[in-house]
Amino acid sequence: MIERMYAEYAWEKTETLLSIDSPSGYTAKAAAWVKEAFEKLGFSASITAKGGVLADLGGKNADDGLLLEAHADTLGGMVAQIKGNGRLRLTALGGMNANNGEAENVWVYTRSGKVIDGTLQLCNASVHVNGDYSTAKRSFDTMEVVLDEDVRSVDDTRALGIEVGDIVCFDPRTRRTASGYLKSRFLDDKLSVGILLGFAKYLSDNSITPPRRTWVHVTVYEEVGHGGSASVPAGITEAISVDMGCVGDGLQCTEKQVSICAKDSGGPYSYEVVGKLIDAAKKTGADYAVDVYPYYGSDVEATLRSGVDIRHGLIGAGVYASHGYERSHMDGVYNTLKVLSGYLGV
């Protein structure tokens, strides 16, 4: 049975990865870190042409290979316009919601390497001035980045090196509570990258060779829909996306459980794989829930749409407030590791 210490290791790695900004399209530093993390555990890893990380965990049966997918790209923003007052209008990267970003600290990465602080605010954000503050619609057209610099014009902002197309990152505000709750932006899906590193460390520490050839693909375009659409090694017959498990009204899963997804907006997952994941949870004593996610898509569905002939599944630690200030729990991390070890029989 995989020990809880590997859940602790998973969070340690997650916390570091959360500190590396990596919205879709700006992921090179995060990918380099992930590659090195797998290599430090003794596994070969490479950066794909697309910018993701492919790590080989080894295994005996190369004709019945398993691909585990997670993603290191997150939500974020891009400068769409430098406004006349020197402030910035953004366009979203991925499903970043303007409502969830209001009053959040941000930083702008310029092409020259400078990083400029700011805050995403409603236009005319002073309640004592704006009588429509409470009823104003929040969108990226009614909100702006207020830069923490003395700028009052387009030229002032351009003098800082900021241009249209620059990346804007949001403060993750990562925190672990004494009761084991994990709070941060972008647990989706850096928590799962940490979980896969925890699983890899378990294999490495115990000199375990999986019974089937096992690969990890950490993708970098999941939030825009095509992360898992390439780089499938030969011999793969099944792929499992390790992503966030949904927590919310109408669903069974909590943050302390591992969620097994039976169906999402892309349709049903493989009935066979879902059944084997449930069996793995029961065998290892993992606290789990099976759910249907109403508004969700995953890397493994992009893999299927690329044309490969595989079976597919999806699991993940329960995460509340998805695409906002998210929350999970150490128990959910550990239960996900249990299912992975049970599925592979290690």
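Visitor: Which residues is L147 in contact with, leaving aside its neighbours within four places in sequence?
Guide: This is a predicted model, in which local features need pLDDT of at least 70 and side-chain atom pairs count only at pLDDT 80 or more, while totals for chains, interfaces and linings use all residues. Residues are numbered from 1 along each chain as its sequence is written, and side-chain values use heavy atoms, with hydrogens and water left out. Contact means heavy atoms within 4.5 Å. With neighbours within four places in sequence set aside, the partners of L147 are G86, L88, V108, I116, D117, G118, T157, L160 and I162.

Visitor: Is V220 buried or exposed?
Guide: V220 lies in the loop between β12 (212–219) and β13 (236–242); strands (E, at least two residues) and helices (H or I, at least four) are DSSP runs, numbered from the N terminus. Not counting residues up to four places away in sequence, V220 touches S24, G25, T27, K50, G51, G52 and D73. Buried means under 20% relative accessible area, exposed over 50% and partly exposed in between, with a 1.4 Å probe and protein chains only. V220 has a relative accessible area of 3%, and is therefore buried.

Visitor: How many Å apart in space are V220 and H71, C-alpha to C-alpha?
Guide: In sequence, V220 and H71 are 149 residues apart. In space, their C-alpha to C-alpha separation is 5.7 Å.

Visitor: Are α6 and α8 roughly parallel or roughly perpendicular to each other?
Guide: Axes are lines fitted to C-alpha atoms, for helices over the stretch in contact, and angles run from 0 to 180 degrees between N-to-C directions. Helix α6 (residues 271–284) and helix α8 (residues 330–344) pack with their axes 8 Å apart, at an angle of about 110°. Angles under 35 degrees count as roughly parallel, over 145 as roughly antiparallel, 65 to 115 as roughly perpendicular and the rest as oblique. The relation of α6 to α8 is therefore roughly perpendicular.

Visitor: What term describes how α1 and α5 lie to each other?
Guide: The axes of helix α1 (residues 5–18) and α5 come within 7 Å and cross at roughly 135°. The two helices, α1 and α5, are therefore oblique.
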